[in-house]
Amino acid sequence: MSSQPTPPTDLSNLWMPFTANRAFKRTPRLLAGAQGMYYTTPDGQSVLDGTAGLWCVNAGHGRKEIRDAITRQLAVLDYAPSFQLGHPIGFEAATRVASMMPAGLDRIFFTNSGSEAADSALKIALAYHRARGEAQRTRLIGRERGYHGVGFGGMSVGGIPGNRKTFSSNLLPSVDHLSHTHDLSHNAFSRGQPAWGAHMADELERLLQLHDPSTVAAVIVEPLAGSTGVLVPPQGYLERLREICTKNGVLLIFDEVITAFGRLGAATASERFGVTPDLITMAKAINNAAVPMGAVAVRREVHDAVVQAGAEGTIELAHGYTYSAHPLAAAATIATLDLYRQTRLFERARELEPVFEQAAHALREAPHVIDVRNLGLVAGIELAPRDGAPGARAAEVFARCFDAGVMVRYTGDTLAFSPPLIIEGEQITQLFGTVAKVLREVR
Ligand SMILES: Cc1ncc(COP(=O)(O)O)c(C=O)c1O
């Protein structure tokens, strides 16, 4: 890093997202620079990135190839509208993204974030059914403990009580939820996909019968849920959801905002699990988080049904963003996807998976640990909550790890690990070794 920015003296103006603002501003932890596997704090301390930022910097920080592509694009075309006009790099980015999606999901709608991708996917599902003359299909089904961002659509199908309660009377109508599949009495300390739980997908049959299948537009799930504590799908579960959706004419949406682009050792979780949905949402690692970018990959027939339904010359889908296919985000995407391919990064993640799994499960006997779960380069370590203070133990572990030079994430009492896919063996040791040490220190 050439120079560190001066730490801010006034923290009051920035209302920080998903942050305990008062607590943070009393003891701020700032990140001022980043390169490769490490962040740097304003006072020059190195912090190992155990979370790829927020599950997004899969190729590691500060990649020159991506930076150069953005800089070149800035000199050529900084911005151009995508409504009724196009620019070459937006189309090229869509072609590249499509080439990494499962066969058939080759129509790409660009957004700027995962939340927007989730809301866009839900709207596309509704538009599809209307275009086919089934406008009564308006019901959406999500899952408890699901996270689909913070738009009203994503929040409504999402299943995180804390995110919903302030807004509960303004959520979308006609939404229902499957149960989540996490049950420690059956699947604690699973390595990879738990053997127990495929039958939980049968609940979808029950919900469809309850509401009448002909009223249901789509089911949305994360193939592997990250934000609520790394919930790995049971063996056979996603396959069963797929079967039930197909049988009932319901679209299946996989929210792959954290799983797409290598996290599970394949371009998508769909590829890893061998289950192909009708729409895939993505963001984050699509361009290594260098410029905000999200997308929805749509099965060609779904796209065609919507696009061919409108009269010639009319806008077929009244939806889009000022920054859809932003030239800088598109340039970053192309450079990132090239980098992933050239460095065989997804294969690398797959090869590292057993080492990562072993290191995570070595914490099984550490104090407070009640579960370890993993898949790809993702692991969750669940801690017993402190009496009367859920989340407090994990929050303390996070803070102590950070001060000891390792960044982990916590959600509730689960510690989540999702490092850049360039992580080396000794850094995996540093990551879990630091956590083990801290677990011995906290009460
Ligand atoms: C599965 C999933 N969907 C949607 C989102 C929201 O993405 P964003 O924060 O970019 O809006 C996230 C963010 O972590 C996510 O994990």
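**Exercise 1.** Work out how helix H3 and helix H13 lie against each other, starting from their axes.

*Solution.* Step one: the axes of helix H3 (residues 64-76) and helix H13 (residues 327-342) come within 8 Å and cross at roughly 150°. (Axes are lines fitted to C-alpha atoms, for helices over the stretch in contact, and angles run from 0 to 180 degrees between N-to-C directions. Helices are DSSP runs of H or I with at least four residues, strands are E runs of at least two, and both are numbered from the N terminus.)

(Angles under 35 degrees count as roughly parallel, over 145 as roughly antiparallel, 65 to 115 as roughly perpendicular and the rest as oblique.)

Step three: pick the hand. H3 and H13 make a right-handed crossing. (A crossing is left-handed if the near helix is turned anticlockwise from the far one by less than a right angle, and right-handed if clockwise.)

Step four: find who touches whom. From H3 come Glu65, Ile66, Ala69, Ile70, Gln73 and Leu74, while H13 brings Pro327, Leu328, Ala331, Ala332, Ile334, Ala335, Thr336 and Leu339. (Contact means that the C-beta atoms, placed from the backbone, lie within 7 Å.) Sorted by type, the contact of H3 with H13 has 11 nonpolar residues, two polar and one charged. (Ala, Val, Leu, Ile, Met, Phe, Trp, Tyr, Cys and Pro count as nonpolar, Asp, Glu, Lys and Arg as charged, and the others, Gly among them, as polar.)

A word on the ground rules: residues are numbered from 1 along each chain as its sequence is written. The model is predicted, so local features need pLDDT of at least 70 and side-chain atom pairs count only at pLDDT 80 or more, while totals for chains, interfaces and linings use all residues.

**Exercise 2.** Trace the open sheet that contains E11, and find the helices packed on it.

*Solution.* Start with the order: four strands run E11-E12-E15-E14, with antiparallel pairing. (Strands pair if DSSP finds at least two bridges between them.)

Next, the edges. Strand E11 (369-375) and strand E14 (409-411) each have a single partner strand, so one side of each has no neighbour in the sheet. From one strand to the next, the twist averages 20°.

Now zoom in on one pair: E11 and strand E12 (residues 378-383) are antiparallel over six bridges. Here Arg373 stands opposite Gly380 in E12.

**Exercise 3.** Describe how H14 packs with helix H16.

*Solution.* The angle between H14 and helix H16 (residues 425-441) is about 20°, and their axes are 10 Å apart. These two helices are therefore roughly parallel to each other. Their crossing is right-handed.

For the contact itself, Val355, Phe356, Ala359 and Ala360 in H14 meet Gly425, Ile428, Thr429 and Phe432 in H16. That contact divides into six nonpolar residues, two polar and no charged.

**Exercise 4.** Find what surrounds the ligand, then follow helix H5 to its contact with helix H12.

*Solution.* Begin at the ligand: there are 14 residues around it, of which Ser113, Gly114, Ser115, Gly149 and Val257 come nearest. (A residue is near a molecule or strand if its C-beta atom, placed from the backbone, lies within 6 Å of it.) By type, the shell has five nonpolar residues, seven polar and two charged. Helix H5 (residues 114-131) gives the most to this shell, with three residues.

Then move along to helix H12 (residues 300-309): H5 packs with H12 at an angle of about 60°, with axes 9 Å apart. That makes H5 oblique to H12, and the crossing is left-handed.

Finally, Ile124, Ala127, Tyr128 and Ala131 in H5 meet Val302, Ala305, Val306 and Ala309 in H12. The contact of H5 with H12 counts eight nonpolar residues, no polar and no charged.

Definitions and conventions. Contact = placed C-beta atoms within 7 Å.
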